[in-house]
Amino acid sequence: MFQLHGTRAIVTGSGRGIGRAVALALARAGADVAVNYRMNKEAASQVAREVESFGGKALLFQADVSFPDQACDLIRTVVEAWGGVDVLVNNVGLQSRASLEATDDALWGKVLASNLTAPFICAREAARHMVHQGHGRIVNMTSLGGEHVTPGYVAFTAAKGGANLLTKALAVELGPKGITVNAVAPGSIETEPMQEVLGDPDYRRYLLARTPMSRIGQPEDVAAAVLFFCSEEARWITGQTLVVDGGLRASSGYVSAQTGQRIKLPPSMTGADG
Ligand SMILES: NC(=O)c1ccc[n+]([C@@H]2O[C@H](COP(=O)([O-])OP(=O)(O)OC[C@H]3O[C@@H](n4cnc5c(N)ncnc54)[C@H](OP(=O)(O)O)[C@@H]3O)[C@@H](O)[C@H]2O)c1
């Protein structure tokens, strides 16, 4: 449906999970994709091969984007290789569950570095080239948790909330240069960092009971929203955060539509288990 032929895209953290699904959705629409990873080269290489199978070019690049110099290297390398960058998807973001007391300075710094500083640095570096080109698309992966507080996620909530506002600040600044900046805010999505939480039967039951679409979200559900923001069709949309949560946010009830049972908030949502 959306065409991205001739588009040069960078997706941070695209070896696995949501980033992988985003890279493949963009490639399927015709984009060339720079696949970034931190440690797992094998997984990222497989994504690069899949990108190429759709006919586009792939560029594999190892960088821990939570370090500003490595984030800058990523953008610079892609621009040197491809002559520019049209799409930046800031997907990386460490998910950390920790209460105020459990959040020491080091953890706070790590969570902010990957969820807030990395998107800022990558956007600043990519925007230089996009401004020169007169067009560009930036999409930040934030979280439902950046708008609605889940107990026990202090640093993550602050960082993702900041990333939502960073999105608006950049949209205002870059709009006149032909660049849109939007955010996609997933609810709970079935990826590796969520395995423990989603593996808790109480939480799964709670989540399903509160989710009007009655299933757990998949990386591809999120990738579809990112693809839209990257498309020409989204040219008049900027500064927005699109929540992708199967309707969870819209629902305030705790009663299962299937069973009529009242669902108790599980410890994993209250932080009572640590
Ligand atoms: N899953 C959810 O329920 C959910 C909900 C709300 C928001 N989100 C957000 O969605 C984004 C993706 O989450 P996910 O669940 O798909 O994560 P994931 O499955 O853990 O995927 C992580 C990917 O990012 C790479 N990566 C991690 N840290 C990196 C870094 N500092 N620099 C470069 N690459 C890095 C990993 O590389 P290696 O393979 O080399 O380690 C891997 O390719 C995050 O921003 C997260 O906060 C997720």
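Two strands pair if DSSP finds at least two bridges between them, and the helices (H or I, at least four residues) and strands (E, at least two) that I will name are DSSP runs numbered from the N terminus. What we have here is a predicted model, in which local features need pLDDT of at least 70 and side-chain atom pairs count only at pLDDT 80 or more, while totals for chains, interfaces and linings use all residues. Residues are numbered from 1 along each chain as its sequence is written.

Let me begin with strand E1. E1 and E2 run parallel and are joined by 4 bridges, and E1 also runs parallel to strand E4, residues 87–90, with 3 bridges between them. Val-11 stands opposite Val-35 in E2, and Val-11 also stands opposite Val-89 in E4. Together E1, H1 and E2 make a right-handed β-α-β unit, where right-handed says that, with the strands pointing away from the viewer, the path from the first strand over the helix to the second runs clockwise.

Is E1 buried or exposed on its faces? In a regular strand the side chains alternate between the two faces of the sheet. In E1, residues 8–11, Arg-8 and Ile-10 on one side and Ala-9 and Val-11 on the other are all buried; a residue is buried if 20 or more other C-beta atoms lie within 10 Å of its own, exposed if 12 or fewer, and partly exposed in between, with C-beta atoms placed from the backbone.

Now to the ligand. A residue counts as near it if its C-beta atom, placed from the backbone, lies within 6 Å, and of the 31 residues around the ligand, Gly-13, Gly-15, Gly-17, Asn-40 and Gly-93 come nearest. Helix H1 (17–28) and strand E2 (32–37) each supply at least two residues of this shell, and H1 gives the most, with 3 residues.

Next comes helix H8, residues 219–230, whose 12 residues reach 17 Å from first C-alpha to last, close to the 16 Å expected at 1.5 Å a residue, the expected span being 1.5 Å times one less than the number of residues. H8 is mostly covered, as 9 of its 12 residues are buried, and these buried residues pack against H1, E4, strand E5 (136–141), strand E6 (179–186) and strand E7 (241–244), contact being C-beta atoms, placed from the backbone, within 7 Å.

Finally, why is Leu-198 called partly exposed? Leu-198 is partly exposed because 17 other C-beta atoms lie within 10 Å.

Conventions: Two residues are in contact if their C-beta atoms, placed from the backbone, lie within 7 Å.
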